[in-house]
Amino acid sequence: MPSIYMEIECERYHMTEDESNAKGLMERQTTGEDRVRMAARQLSEPRTANWIASEAGWSHEPTKRVLERLVDDGILHRDESGTHTTYYPDYRRQAMQEAMRLRDSGHTVEELTDRLADMKAQIRDWEDEFDVESPNQLRGTLAEEGLDADEEDRRREIAREWEHLQRRIDIVGFAIREWDFLTPTNEPAEASS
C-alpha cells in the first residue's frame, strides 16, 4: 500500500492517537478554558455545552462562556433549533485547514490524484458488492434475513468507512483543484493602493 494511502486512509487512527495525546496534555498542563477550546475544535458533530464541559473536565457555566466567545470569534457555530443548544465547528474552516495540510505534506498532486482514484474505486467496489448506492442503503441491508453477527458488524464498519472516504474525497479533491491557491507563501501580500 503506498504511503499516501496509509496517511489518508488511516487518518482516523492517527486522530485517535492525537486525541489520546491531547487528553494527556489536557490533564497535565492546561486551564479549563484551554481544555474547552481543544474539545470544541475536535467536535465531529454538534454537541451541547454539558457534553463539552464533561469532555473538558470543567463546569458548565464557564464552559458555556468560552463556547460563546468561540461563536463570537467565528470558530464555532451555535444551533438553537433543537431541544438543546448545540455547538459545532466551522466545517468549511476545518476542510480548508486539512486541504492546506495535504498541500504542505510533501506529497505531489499526482500522488493525491492517485489516492483520490483509489478511494473512488473502493466506493464503487462496495456499491457493486452490496448493490447499494450509499452508506445508509448499506446499513438498510442489515435487516436482511440470514446475516450473521460478523457480517452485520462488517457492513456497519464498511458504512462508517464509506462515509469517511466520502469526506476524504471532498477534501482531497478540493486540495487538488486548489493546489496552486493553497501553496504557502512566505512573502506578505502587497497592500493595494
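Here is a short chat about reading helices in this predicted model.

Me: Let's start with the overall layout. How many helices and strands are there in the protein?
Reply: Nine helices and three strands. Going along the sequence, the pattern reads α-α-α-β-α-α-β-β-α-α-α-α. As for burial, 33% of the 193 residues are buried.

Me: Now take α6. What span is expected at 1.5 Å a residue, and what does the helix reach?
Reply: The helix covers residues 91–104, which is 14 residues. From first C-alpha to last, α6 reaches 20 Å, close to the 20 Å expected.

Me: Which residues of α6 are buried?
Reply: Glu98, Ala99, Leu102 and Arg103.

Me: Why do they sit on the same side of α6?
Reply: General idea to begin with: an α-helix has 3.6 residues a turn, so residues three or four places apart point the same way. In α6, the buried residues Glu98, Ala99, Leu102 and Arg103 cover an arc of only 140 degrees around the axis, which puts them on the same side of the helix.

Me: And the ends? What caps the N-terminal end of α6?
Reply: Asp90 does, with a side-chain oxygen 3.0 Å from the backbone nitrogen of Arg92. After the helix comes Gly106, with a positive phi near 95 degrees.

Me: Last one: how do I read the packing of α3 and α5?
Reply: Look at the angle and the axis distance. Helix α3 (residues 32–41) and helix α5 (residues 60–72) pack at about 55 degrees, with axes 10 Å apart.

Definitions and conventions: Residues are numbered from 1 along each chain as its sequence is written. This is a predicted model: local features need pLDDT of at least 70, side-chain atom pairs count only at pLDDT 80 or more; totals for chains, interfaces and linings use all residues. Side-chain values use heavy atoms; hydrogens and water are left out. Helices (H or I, at least four residues) and strands (E, at least two) are DSSP runs, numbered from the N terminus. The expected span of a helix is 1.5 Å times one less than its number of residues. Buried means under 20% relative accessible area, exposed over 50%, partly exposed in between (1.4 Å probe, protein chains only). The arc is that of the directions from the helix axis to the C-beta atoms. A polar contact is a pair of N or O atoms within 3.5 Å; within protein, one must be able to donate a hydrogen and the other to accept it, and residues adjacent in sequence count only if both atoms are side-chain atoms. Axes are lines fitted to C-alpha atoms, for helices over the stretch in contact, and angles run from 0 to 180 degrees between N-to-C directions.
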